[in-house]
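Please examine the sequence and the structure shown below. The paragraphs that follow lead through them step by step.

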Amino acid sequence: MHKFASSLRRLTTDRNKFGPCRLRCFSQLAERQSTVESTGGVPIIPAFDYSPPPYVGPTADEILRKRKEFLSPSMFYFYKKPLNVVHGKMQYLFDENGRRYLDGFGGIATVNCGHCHPEVVQAIINQVNTIQHSTILYLNHCIADFAAALADKLPGELKVVFFTNSGTEANELALMMARLYTGCQDIISLRNAYHGNAAGTMGATAQSNWKFNIVQNGVHHAINPDPYRGAFGSDGEKYAKDVDDLIQFGTSGHVAGFIFEAIQVNYFLYNYQNKMNYMQSRMS
Ligand SMILES: Cc1ncc(COP(=O)(O)O)c(C=O)c1O
């Protein structure tokens with residue numbers, strides 16, 4: 001953690017060294033309103049009236065050894081000494097020594113309900129005590145009630161809900177539906193995008209570290225309209241013209257759909273992780 005804090009400090013003070021990829025504060029308002037105090041440059045997170053139960057499970061080294069023996073090496077981890085996360089409470093995580101961390105992305109970018117919120121925990125217990133699993137081939141009111149509750153929050157004519165198990169599966173379904181509905185094959189996506197790692201979504205993804213060397217056809221990647229590092233800065237019309245060119249000169253002229261993330265979080269994480277690895281290699 002100390003290494004992380006000092007790397008972060010060096011990243012923010014040495015920001016001019018990194019040219020167009022330098023670190024920026026995306027919300028100056030959040031920065032101003034932050035309750036984080038600074039002591040000697042090391043940020044302190046706010047007090048939290050909760051102590052996790054003592055951890056009696058295996059050590060980080062034991063878990064690593066078992067992972068290496070029984071899990072695919074494709075499941076990589078961050079940092080030379082990866083964090084052993086053993087407990088979660090609301091927005092915080094705790095490691096095997098009871099040290100608390102602010103969880104910046106809920107475990108994975110597409111999950112956003114924190115950890116062990118009492119209402120979420122109680123709802124899960126109630127359901128598991130009632131019936132654990134059913135199928136849409138028979139009736140049960142839960143799926144219909146949940147769909148109706150979600151539809152009630154959706155705008156306009158968006159009133160039909162599909163439930164999936166993951167972001168990848170949701171995007172696979174969206175791509176397939178767009179293709180079936182339009183009768184077109186071509187999809188426009190953005191460079192730097194992340195949409196999942198199954199057959200179709202890997203094609204829509206545009207970060208080399210998340211793409212395997214297999215055939216991924218039917219997706220064309222437009223220039224990423226990144227106002228900070230993008231080729232055209234914040235000139236939206238030039239990015240739109242690139243999409244137009246791509247449709248005219250890179251496809252049959254008819255496309256099934258355009259897929260994009262409202263905010264390219266994975267692209268940010270990718271850049272950030274590269275910076276951290278670079279800083280760590282220079283520090284060790
Ligand atoms: C923007 C985005 N789309 C899709 C996915 C894929 O979701 P999942 O890992 O649940 O398949 C992720 C996962 O991080 C994501 O961040």
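Helix α4, residues 118-130, has 13 residues. At 1.5 Å a residue these should span 18 Å, and the end C-alpha atoms of the helix are 18 Å apart, so expectation and model agree. The model in question is a predicted one. Helix α4 is also hardly covered, for the count of buried residues among its 13 residues is zero.

The wider setting may now be described. The protein has nine helices and eight strands. Of its 284 residues, 12% are buried. Among the contacts with a separation of 6 or more, 55% are between residues 24 or more positions apart. The average pLDDT of the protein is 84, and 78% of the residues score at least 70. Over residues 1-36, however, the pLDDT is below 50. Beyond near neighbours in sequence, that stretch has 25 contacts in the model.

Strand β6 comprises residues 187-190. How is strand β6 joined to strand β7? Four bridges link β6 to β7, residues 219-222, and the two strands run parallel. Within this pairing, Ile-187 stands opposite Val-219 of β7. Strand β8, residues 257-258, is joined to β6 by two bridges, and these strands likewise run parallel. Here Ile-187 has Gly-257 of β8 as its bridge partner, while the bridge partner of Ile-188 is Phe-258.

In a regular strand the side chains alternate between the two faces of the sheet. Which residues of strand β6 lie on one side, and which on the other? Ile-187 and Ser-189 are on one side, with Ile-188 and Leu-190 on the other.

Strand β6, helix α7 (residues 199-204) and strand β7 form a right-handed β-α-β unit.

The loop between β6 and α7 contains Asn-192. Phi of Asn-192 is near 75°, a positive value in a residue other than glycine. Most residues other than glycine have a negative phi. Is Asn-192 buried or exposed? A residue counts as buried if 20 or more other C-beta atoms lie within 10 Å of its own. Asn-192 has 21 C-beta neighbours inside 10 Å and therefore counts as buried.

Tyr-79 likewise has a positive phi, near 75°, and is a residue other than glycine. Tyr-79 lies in the loop between α3, residues 60-70, and strand β3.

Strand β3 is joined by four bridges to strand β4, residues 92-95, and the two run antiparallel. In this pairing, Asp-95 of β4 is the bridge partner of Val-85.

Technical notes
Residues are numbered from 1 along each chain as its sequence is written. This is a predicted model: local features need pLDDT of at least 70, side-chain atom pairs count only at pLDDT 80 or more; totals for chains, interfaces and linings use all residues. Two strands pair if DSSP finds at least two bridges between them. A crossover is right-handed if, with the strands pointing away from the viewer, the path from the first strand over the helix to the second runs clockwise. The expected span of a helix is 1.5 Å times one less than its number of residues. Two residues are in contact if their C-beta atoms, placed from the backbone, lie within 7 Å. pLDDT is the predictor's confidence in each residue, from 0 to 100.
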